[in-house]
Amino acid sequence: MKKNKFTLGWFFISLLMAFAVTACDDDDNDVVNVTFPEKQTIGGAVNETKSLTFDAVADWTLTSSTTWCYFITEETPAAKAAEGVKEYAISGKAGKQTVTIGISEEGQEYDQATVASIIIRMNGQEAVLAEVTRNAAGRTFKLYKKGEGDAWVEVSAEEGIEAGYDNFIQYKAEANFRFAATNRPEWLSIEGGSIVGTANKEVLFGIKVIDNRPDFSKYAQKGNLNFQDEEGKSIYTYAVDYKGMSPEAMSYEGPKQWNWTVAKDGKTYYQTNSGISGTEETISEYRKFVEFTITAKDDEFEPIFVEEYQESGMTMYRLSVYPEDNVNWMHVTKYENGKVRVTVDESEEERTGYVFVFPKALYDKIADDPFGENGLFELNPETTMQQLKYEYTENNLLMNFVQKDMSGSADAAPLEVTDNQNKKIELTKVTEEGIISEYGTDKIYSVPSSSANSFFIKPNLSGAWEYSAWMGDKEVTDLGEMAEDKLSFWIGDNLPLEKDIHVVFKQNYQNKMVLVIKK
């Protein structure tokens with residue numbers, strides 16, 4: 001930053017010259033109008049320093065309209081300013097700037113506020129950048145934050161306050177006059193909408209970044225919050241700092257993560273959606289890609305791709321964090337403002353994939369040891385096998401899909417039933433409203449018990465799934481073990497058929513299909 005030194009006499013002469021040049025510039029048709037920063041209001045007490053941040057579109061000069069309001073540069077620190085070495089004009093280059101303002105007691109009268117103007121000049125034009133109010137003597141305002149053990153600790157104006165992300169950060173204010181919060185940044189949300197205090201009464205308030213504005217919440221923000229008396233004699237300005245959302249927090253907008261099927265050519269994506277009542281289902285179709293918008297701190301996030309497969313009757317996983325696993329057939333392409341597109345390569349074989357996205361800080365933890373304590377998996381206490389963590393499938397999973405041949409699959413039943421000779425048993429679609437409403441799906445099929453005395457049921461669902469069986473209101477436990485993704489059981493002495501048996505298959509924490517063995 002360039003420093004301009006001169007005496008007060010030369011300072012006011014320079015102001016007159018500046019006005020004269022401005023008048024000439026008004027007649028100069030070659031002057032290009034510039035956009036000035038929005039005017040700011042800053043308040044402070046004698047001997048305080050304040051920061052003034054602005055974004056200049058061209059080289060600039062700042063001047064102060066009074067001698068009690070001055071600038072402090074690296075070459076004139078506050079200690080020297082107190083000795084009379086003060087700057088009343090400074091200049092700099094285009095870009096984002098922060099300058100320091102000092103306030104002296106020169107010419108101050110009791111219980112009277114005085115206002116100085118900070119003038120910015122660019123490209124031969126000028127505007128008021130800030131109005132600085134020197135608070136009236138005798139007024140006191142104090143702000144407190146929570147310290148250790150919930151004790152209240154006073155906050156200095158130089159220290160400033162911090163705004164929360166998910167939750168309001170609490171503060172307490174007290175003054176010997178009536179006051180209200182003013183001039184808050186557009187990104188700041190105040191609990192209850194406003195802050196109003198009466199003389200000598202404590203007032204509690206909370207602040208956080210505004211909701212539903214990722215253009216604010218993803219990035220660190222700085223601004224000022226003023227506390228002003230109703231007479232305009234005192235303005236107390238505190239810097240407000242928002243450090244950005246948690247490095248491990250994330251949210252996204254787009255389709256839900258479950259019930260996806262991808263055509264084998266990788267060009268069409270289908271999602272099955274349940275109706276509000278659970279009795280109707282619709283299929284949404286996406287061509288070439290599926291788009292999402294990710295909200296993460298500073299737009300720093302990374303994908304992890306998981307391929308699920310079966311080996312010796314066990315569910316196994318391949319991960320993109322291991323190059324040797326070759327999980328490179330799923331893709332997440334990044335665009336501006338957190339937008340991403342998910343695509344899948346062509347495949348002749350059926351396969352199951354999971355597309356996860358994690359904030360960079362969380363990604364680094366998981367990628368370091370995906371099967372460790374801070375990894376992507378957790379132990380299923382019932383099967384004693386590793387499974388994907390529920391919190392990540394709920395918060396970080398964009399898509400879970402099966403890629404397969406879609407030709408002629410629209411009317412195909414999502415499960416297959418065979419007898420002990422491996423002969424397929426024909427299924428009948430159940431259309432009774434009562435049973436559809438009960439299970440919340442129309443994927444309900446039935447077979448007569450007379451068609452076989454042994455049944456082998458294979459759901460056409462890739463990925464983790466579970467089942468339960470009921471005969472009326474009694475749970476049936478005499479079913480065979482799962483073998484090669486097939487559930488087997490015999491109807492006979494061990495399992496007498498007193499009523500219809502309902503075998504319910506679930507996947508991804510939702511009902512998916514029901515097979516009814518008719519008595």
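Guide: Two strands pair if DSSP finds at least two bridges between them. Strands (E, at least two residues) and helices (H or I, at least four) are DSSP runs, numbered from the N terminus. This is a predicted model, where local features need pLDDT of at least 70 and side-chain atom pairs count only at pLDDT 80 or more, while totals for chains, interfaces and linings use all residues. Residues are numbered from 1 along each chain as its sequence is written, and side-chain values use heavy atoms, with hydrogens and water left out.

Visitor: How do you know that β10 and β11 are paired?

Guide: β10 (residues 141-146) and β11 are joined by 4 bridges and run antiparallel; at least two are needed, so they count as a pair. One place to look is K145, whose bridge partner in β11 is V153.

Visitor: Which sheet holds these strands, and what is its order?

Guide: They belong to an open, antiparallel sheet of 5 strands, ordered β11-β10-β13-β17-β15.

Visitor: Why are β11 and β15 called edge strands?

Guide: β11 (152-155) and β15 (188-190) each have a single partner strand, so one side of each has no neighbour in the sheet. From one strand to the next, the twist averages 35 degrees, with axes fitted to C-alpha atoms and angles between N-to-C directions running from 0 to 180 degrees.

Visitor: What other open sheet is there, and what is its strand order?

Guide: There is one of 3 strands, in the order β3-β7-β5 with antiparallel pairing. Its edges are β3 (49-56) and β5 (69-72), each pairing on one side only. β3 and β7 (residues 95-103) share 8 bridges, and F54 sits opposite Q97 in β7.

Visitor: What makes β8 and β9 a pair?

Guide: Their 9 bridges do, against the required two, so β8 (residues 114-122) and β9 (residues 125-134) pair, in the antiparallel sense. S117 stands opposite E131 in β9. Their hairpin has 2 residues between the strands, and N123 takes a positive phi near 55 degrees. β8 also pairs with β4 (residues 60-64) over 5 bridges, and W60 has M122 as its bridge partner.

Visitor: Why is S449 called buried?

Guide: Buried means under 20% relative accessible area, exposed over 50%, and partly exposed in between (1.4 Å probe, protein chains only). S449 has 18%, so it is buried. This serine lies in the loop between β35 (444-448) and β36 (454-459). Beyond its neighbours within four places in sequence, S449 is in contact (heavy atoms within 4.5 Å) with residues including F455, I491 and L497.

Visitor: How do you know that the buried residues of α4 line one face?

Guide: The buried residues of α4 (residues 360-368) are L362, Y363 and I366. Their directions from the helix axis to the C-beta atoms fall within an arc of 100 degrees, so they line one face. What covers them includes β25 (301-311), β29 (351-359) and α5 (390-395).

Visitor: What makes a group of residues a nonpolar core?

Guide: The members are buried Ala, Val, Leu, Ile, Met, Phe, Trp, Tyr and Cys residues joined through side-chain atoms within 4.5 Å. The largest such core here has 28 residues, and F141, L143, F179, I207 and F227 have the most contacts inside it. Strands supplying at least two residues each include β10, β13 (169-175) and β17 (203-209). Contacts of L143, leaving aside neighbours within four places, include V153, Y171, F205 and F227. A second, separate core of 25 residues includes M471, L497, I501 and V503.
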